[in-house]
Amino acid sequence: MYNLSNIKTIKSILEKHGFKFTKSLGQNFIINPSVCPKMAEFCCENEKSGILEIGPGIGVLTIELAKRFQKVVSVEIDTNLIPILSETTADFENIKIINKDILKVDLNQLYKTEFLNCEEIAVCANLPYYITSEIVMYLLENNPGFKSLTFMVQKEAAERICADFGTRESGAISVAIRYYGKPRVLFNVSRGSFIPAPKVDSSVIKININSDISSKIKNKEKFFQIIKATYSKRRKNILNSLSMNFKISKEEILKILNTANVDPHSRPEQLKLEDFINISDFI
């Protein structure tokens, strides 16, 4: 079995296969030996679980997951990494590698073909920074039954995703994710833990899926429209942004906000989740 946290080993494998890093895919491979075991431990407690991994790279996290769980399905977009993964994960029969863009994977079909015999399913991944939000929302919106999502992302993105309401760090993604579950930061990872080293530090976060919030919302589509409308113009107060986006007179919006008990002069980062829910109900 390869020591995939050893720089010499990594360079030897990459040179053998003629692999070159693709900057547009945000490729940075972990060399800190403590990170992936820690991620795998946090990911899930049930060893009979199935794990969906995204962007396995050369298989460092993949192997740690395979040691602990019943089945690991790793989706890798870079065709050049497939022969490398076939070599580095060859000792494990419970790993399946799929060469595809995760955003084009039918998650319900994947669940039916790969995870039906698993007691639980979860996601564990080192996400490319340039497309973090898009992947996270795709997984949440098309969730076939994931119990949790554990990701390594850019530290700044982690702070934004996990930001509390009423803080300047909060944004549309903060509110949207709480529709599906509760996010929290698990631990930070320094930029020196990767090859090549990125220009920023990272954080590992976990989103525990629950339906507490979604069950309170009458109209999901309207709820997300309001989030997008208000945060896309976060310098404007809630009265102006809603009036502009929904093409409703300020007088009517004012009545709605008063009914929802929301200050019309508030900006989106000053609102609580319950405020967005109330506005979506009344609008």
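1. Contact here means heavy atoms within 4.5 Å. Helices (H or I, at least four residues) and strands (E, at least two) are DSSP runs, numbered from the N terminus. The model is a predicted one, in which local features need pLDDT of at least 70 and side-chain atom pairs count only at pLDDT 80 or more, while totals for chains, interfaces and linings use all residues. Residues are numbered from 1 along each chain as its sequence is written, and side-chain values use heavy atoms, with hydrogens and water left out.

2. The pair α9 and α10. In α9, Lys222, Gln225, Ile226, Ala229 and Thr230 meet Ile238, Ser241, Leu242, Asn245 and Phe246 of α10. The residues of this contact divide into 5 nonpolar, 4 polar and 1 charged. In this division Ala, Val, Leu, Ile, Met, Phe, Trp, Tyr, Cys and Pro count as nonpolar, Asp, Glu, Lys and Arg as charged, and the others, Gly among them, as polar.

3. Geometry of that pair. Two packed helices are described by the angle between their axes and the distance between the axes. For α9 (residues 220-231) and α10 (residues 238-246) the angle is about 115° and the axes are 9 Å apart. Axes are lines fitted to C-alpha atoms, for helices over the stretch in contact, and angles run from 0 to 180 degrees between N-to-C directions. The crossing of α9 and α10 is right-handed; a crossing is left-handed if the near helix is turned anticlockwise from the far one by less than a right angle, and right-handed if clockwise.

4. Ile238, Leu239, Ser241, Leu242, Ser243 and Phe246 are the residues listed as buried in α10. Buried means under 20% relative accessible area, exposed over 50%, and partly exposed in between (1.4 Å probe, protein chains only). The cover over the buried residues of α10 includes α9, α11 (250-259) and α12 (273-282).

5. Ends of α10. At the start of the helix, a side-chain oxygen of Asn237 comes to within 3.2 Å of the backbone nitrogen of Leu239. Just after α10, Lys247 has a positive phi of about 55°. Lys247 belongs to the loop between α10 and α11 and is exposed, at 74% relative accessibility.

6. Other backbone points to inspect. Asn261, in the loop between α11 and α12, has a phi near 60°, a positive value in a residue other than glycine. Asn261 is exposed, with a relative accessible area of 69%. Ile195 and Pro196 are joined by a cis peptide bond, with omega about -15°. Pro196 sits in the loop between β8 (194-195) and β9 (202-209).

7. Salt bridges between elements. The whole structure has 11 salt bridges, each defined as a side-chain nitrogen of Lys or Arg within 4 Å of a carboxyl oxygen of Asp or Glu. Lys16 and Glu87 form one of them, at 3.1 Å from N to O. Lys16 lies in α1 (residues 7-16) and Glu87 in α4 (residues 82-88), so this pair ties together parts that are 71 residues apart in sequence. Lys16 is exposed at 58% relative accessible area, whereas Glu87 is buried at 18%.

8. A strand-to-helix bridge. Lys96 and Glu114 form a salt bridge whose closest N and O atoms are 2.6 Å apart. Lys96 is in strand β4 (residues 95-99) and Glu114 in helix α5 (residues 107-115), so the pair ties together parts 18 residues apart in sequence. Lys96 is partly exposed at 36% relative accessibility, and Glu114 is buried at 14%.

9. Helix α3. Glu64 and Arg68 form a salt bridge at 2.8 Å, N to O. Both residues lie in α3 (residues 60-68), 4 residues apart, about one turn of the helix. Glu64 is buried at 14% relative accessibility; Arg68 is partly exposed at 23%. A network of salt bridges links Glu41, Glu64, Lys67 and Arg68.

10. Ala40. Ala40 lies in helix α2 (residues 35-43) and is buried, at 1% relative accessibility. Leaving aside neighbours within four places in sequence, Ala40 is in contact with Leu61, Glu64, Leu65, Arg68 and Phe69. Two of these contact partners, Glu64 and Arg68, also belong to the salt-bridge network of point 9.

Methods:
A polar contact is a pair of N or O atoms within 3.5 Å; within protein, one must be able to donate a hydrogen and the other to accept it, and residues adjacent in sequence count only if both atoms are side-chain atoms.
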